[in-house]
Amino acid sequence: MSVAGESTMKSIYHYDKGKLAATEKEFVGEFPLLLNVNGREIATLIASPHDLRFLVAGFLRLQGFVEKVEDFQLLSVCNDFGIARVQIKGELPEKLKPVLTSGCGTGITFTIPQATKGRSGSPADRHFSPTAVFAMMEELARKAEGYRSHGGMHSAAVGDGSIVLYAEDLGRHNTLDRIAGEALLRGIDLAGTMLVTSGRVSTEMVAKCVLLGIQLIASRTSPTDMAVRMADEAGITMIGYVRGGRFELYTHPERLQVDLSEEGGCACATGI
């Protein structure tokens, strides 16, 4: 039995040079998941239909509602009815004010933490080489089967030169929630790691990285101006447009193991 929201094949027409031809195309699945926590319906997460326990756990972790596995008394996901029932220790805030984010399809969050300089620094402070950044991005591209098969998917991964955790979803913010949830449930500490992502980096992505202790963010595309500002304040190295042996470096170049040239900026642009 197929799961609601799974990718499906549809008949379409392909236009080329004045002619229409019938063909088949696979479309990415979109799955609405109602999140019920302590008996309250707090949100509907729009996501891909796989590994939803990781998504739910990561979402709640990055909202500050749970900190450890023991905070969960119940975590149950029913794909057939599109509902996640969660019971956690403690009480939810009496009033939850949703913030619509710039995620694909419009993401939702209840809290965007304020970046604090040094929160992503010691005691796990470390340095990264451009070679490690390129290796992680290339490995991410190899793993991104969803995008290659039907498009419309984002991917992200964390590691220190090789991928430790990987996630893909139709929402780029969901990929980080999934990683955070899997790390929590599997007992993996993400402090001092690097995040590579296929999508644009906005403030909610940086805020989540601050909470996880991630020290470097690298994207195939670009960050927003507020994301760069937040990364700078939090001590996170921000990199964009990683492709073809080149990238742009926006904050904290001291974390990269390269020399800085006086005129040309960061020598890492040569791909060393």
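A residue is called buried when its relative accessible area is under 20%, exposed when it is over 50%, and partly exposed in between, using a 1.4 Å probe and protein chains only. At 2% relative accessibility, alanine 207 therefore counts as buried, and its place is in helix H5, residues 203-212. This is a predicted model, in which local features need pLDDT of at least 70 and side-chain atom pairs count only at pLDDT 80 or more, while totals for chains, interfaces and linings use all residues. Residues are numbered from 1 along each chain as its sequence is written, and side-chain values use heavy atoms, with hydrogens and water left out. Helices (H or I, at least four residues) and strands (E, at least two) are DSSP runs, numbered from the N terminus.

**The sheet**

- Six strands form an open sheet with mixed pairing, in the order E10-E9-E11-E12-E13-E14, where two strands pair if DSSP finds at least two bridges between them.
- The edges of this sheet are strand E10 (163-169) and strand E14 (246-251), each of which pairs on one side only.
- From one strand to the next, the twist averages 20 degrees; axes here are lines fitted to C-alpha atoms, for helices over the stretch in contact, and angles run from 0 to 180 degrees between N-to-C directions.
- In general, the strands of a sheet pair through backbone hydrogen bonds, either parallel or antiparallel.
- Strand E13 (residues 237-243) pairs with E14 in the antiparallel sense over four bridges, and arginine 243 stands opposite arginine 246 in E14.

**Helices against the sheet and each other**

- Helix H4 (residues 172-186) lies across strand E9 (154-159), E10 and strand E11 (194-197), and runs at about 135 degrees to E10.
- Helix H6 (residues 225-234) lies across E13 and E14, running at about 65 degrees to E14.
- The axes of H4 and H5 come within 10 Å and cross at roughly 10 degrees, and H4 and H5 are therefore roughly parallel to each other; angles under 35 degrees count as roughly parallel, over 145 as roughly antiparallel, 65 to 115 as roughly perpendicular and the rest as oblique.
- In this contact (heavy atoms within 4.5 Å), H4 contributes Arg172, His173, Leu176, Asp177 and Ala180, while H5 contributes Glu204, Met205, Lys208, Cys209 and Leu212.

**The nonpolar cores**

- A nonpolar core is a set of buried Ala, Val, Leu, Ile, Met, Phe, Trp, Tyr and Cys residues joined through side-chain atoms within 4.5 Å.
- The largest such core has 26 residues, of which Ile179, Leu195, Val206, Ile217 and Ile236 touch the most other members.
- E9, E10, H4, H5 and H6 each supply at least two residues of this core, and H5 gives the most, with six residues.
- Leaving aside neighbours within four places in sequence, valine 206 is in contact with Val201, Ile217, Ala227, Met230, Ala231, Ile236 and Met238.
- Alanine 207 and alanine 231 are 24 residues apart in sequence, and their C-alpha atoms are 8.3 Å apart in space.

**Two loop residues with positive phi**

- Most residues other than glycine have a negative phi.
- Asparagine 38, although not a glycine, has a positive phi of about 50 degrees, and its place is in the loop between strand E3 (31-37) and strand E4 (40-47).
- Histidine 252, also not a glycine, has a positive phi of about 45 degrees and lies in the loop between E14 and strand E15 (260-261).
- At 11% relative accessibility, histidine 252 counts as buried.
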